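Please look at the structure shown below.

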Amino acid sequence: MARRGGADASRRRQALQLVAFGLALLAILVLVLYATWESDALTLKVGQIADRTLKAPRTATFVSETRTEAKRQEAYDDVRNIVLRTDPAVAPNQTAALRQALTAIDTVRSDRNQDRTRAVDRIRGTVEGLTAEEAQAILSLSDESWARVRSEAERLLDTALMNQIRAEDVAEVKEQMLSRASLFLSNPERQLAAALSRPFVQANVHVDEERTQAAREAAAQAVEPVYVTVQEGEVIVRDGDPVTREAMEKLEYFELLSPSETWDQFFGVVSLLLLLTSALVLYLYRVAPADWQARHLILVGLVILVPVVVGRFVLGHPDLRYMFPAAAAAMLLAILIDFQIAAVIGGVIGLYLGIISGTSYEIAFITFVASVAGSAVIWRADRTMTFLWAGGAVALATGASATLFALVSGNLDMMRFGSLMVDGAVNGALAASLTFLSFSLFGRVFGITTHLQLLELAHPNQPLLYRLAREAPGTYHHSIVVSNLAESAVEVVGGDPLFARVAVLYHDIGKVLRPSFFVENQANRANVHEALDPRTSARIIQEHVSDGVRLARKARLPQPIIDVIQQHHGTTLIKYFYNRALNSGEDVEESEFRYPGPRPQTREAGIIMLADSVEAAVRSAAQAGRLFEEGAEGNGTGGERRTGKLAEIVDSVIRERLDDGQLDECDLTLKQIELVRQTFISILEGIYHPRIEYPELKRVAGTSLAPEATATEAPS
């Protein structure tokens, strides 16, 4: 019931986003239509591109409020107006407060007969923000260690308060306390000293708001009014240039702006735009995936608005209407989102263009046909040649459609036919070029990864993959095997197998920073974790996720791949070191031994988590010899037989992730998980199948080496 309620809330939220999207889209279209409705109406706005050149009708000098206000704001914002006031009492007061707190802690430590819980509470009460673990550590310190911690805490606070600290700098100074602690202390001592001194850091420099405000107002008021002189015939705004605030001020001064006068057709066109936008919103509500975010709607909005707005100015020229590459918008969506949505949006763009260009059925039809043709060819493009073929499809669809319309109107001859085919070729070339030049930029801006980008990222010569293969070969091999598992499983459930494969190649990239701390890279070396305490080992293991995210962001990997790096362990428990900590008799918080998450948010991320865990578990069992066992029921080729252990391991890992709630936030169904399970078992059986034990060769006197038996030898 809770999940259903969450789904309902998600749909409501999506519906609200779509309504806002429709209103914004309609508003922009109406504004563009209004601004260009009547050629004689001067309804320019700041930022709008002027459609004519306007000149001053006479010479005039007047006060420019725009320039004057800009000068006053510049004078007001001058940093030299800020007046600071130092509070000399902060340093001695805070130092005294710290010493008083430390003295109180001395009293608690000296009382050996008190209850330990009570002692911890008393220590925590002396210093704000002190945790129970830190209070326990303070009680457990020897007198010599406590003396060092106490002295260092006082030194840290004195050093910090020697500098000017503003209110906005307090948090940063507190964060730096640990890094400023003496390296001659042990790490626990440094942490305690920093924890004791942090709460006493306060701002010792304050902005004198009253004097600062007075200085700012005085500086603004001291600015003299700025006069401008405009000569008769001087150009105020030029055709094709954006209208600035200064130009708008001059136009208003000379009263050159006038409102539009006719409205009947305008309201009719606006009503058509309203109906079409409503249909578009309803379509997106029914077919848009549940994981669509605002950026997807922004992308769709831009893809619609750009060709429609440009078309408002271009389609009025008969020589250009068949060259206008509106199909590029649908082709871009086909690459970045989906062919079905791209085809429908292509039709919607065609209808929008038809409405704003005088209810032209011809424009709507040609745009739709060209969009579908180009999108069908370029969908999931994995080669640059695909763009060329898509451009050819757009050219053919545009030329053929325009020719048929000319035939219907009785205006077709050989010269007209040749002209239309040339226009179609130009349209196709422009559409393919615009798509090729923009898809990578839009994909990066909106966090959408294309197949061409994925193929490029999968190349072994990519810097991160090259480094992984050289510095952490065991992890690299593990990633290759997991990528095969994830790719096959994602394909079975209808996801994006190429994305899954590439994401897996980078999912453990953080291990390159400390490869020897991970068992697959240790080879015959000793396990370095034997010399570390469980918490330190767990922290190092956890940090390969954050290290991977940092390396991925530095390498500018797509955000979906970074998300997989963050989510591929979810919030799972690092059992080995957790059990070691429990067995050591320490007080253990399970949260310390869990990955930070978040849990997988997509099907691909969930399957990658399962593939990663399953491969590691099966490999571990295979290396320990637990996948197969010797028995009387041999297969005649060495006495090994399968025990079903592999399937048991796969089932156990998947069940553990389900029981731990790691798959609750991705849209994998139980039926899909069963398909994933079967795929894992099938592939792993091929990798870890039992092999024949070949007989040793014996040297026969007077002959070369010969096998004991050759008749039964066969490769596994």
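**Reading cavities and pockets**

Q: How much space lies in the largest cavity?
A: In this predicted model, the largest cavity holds about 110 Å³ of space.

Q: How many cavities of 30 Å³ or more does a search of the whole structure find?
A: A cavity is a space where a 1.4 Å probe fits but cannot get out. Three cavities of 30 Å³ or more are found here.

Q: Which residues of the lining lie nearest the centre of the largest cavity?
A: A lining residue has an atom within 4 Å of a point of the space. The lining of the largest cavity comprises 13 residues, and Arg321, Phe324, Ile366, Thr367 and Asn427 lie nearest the centre.

Q: Which helix gives the most to this lining, and what is the make-up of the lining by class?
A: Helix α15, residues 361-378, gives the most, with four residues. By class, nine residues of the lining are nonpolar, three are polar and one is charged.

Q: How is the second largest pocket to be read, and how much space lies in it?
A: A pocket, unlike a cavity, is an open set of points. About 1,400 Å³ of space lies in the second largest pocket. Its lining has 39 residues, with Val519, Tyr576, Ala616, Ala617 and Ser620 closest to the centre.

Q: Which elements give two or more residues to the lining of the second largest pocket?
A: These are α20 (473-492), α22 (534-554), α24 (575-583), α25 (603-623) and α26 (645-659). The most comes from α25, with eight residues.

Q: What is the lining of the second largest pocket by class?
A: This lining has 14 nonpolar, 13 polar and twelve charged residues.

Note on methods
Residues numbered from 1 in each chain as written. Predicted model: local features only at pLDDT ≥ 70, side-chain atom pairs only at ≥ 80, totals over all residues. Heavy atoms only, no water. 1 Å grid on protein atoms, 1.4 Å probe; cavity = no way out; pocket = protein on both sides within 12 Å on 5 of 7 lines; lining within 4 Å. Points joined across faces, edges and corners; volume = space filled by probe spheres on them. Nonpolar A, V, L, I, M, F, W, Y, C, P; charged D, E, K, R; others polar.
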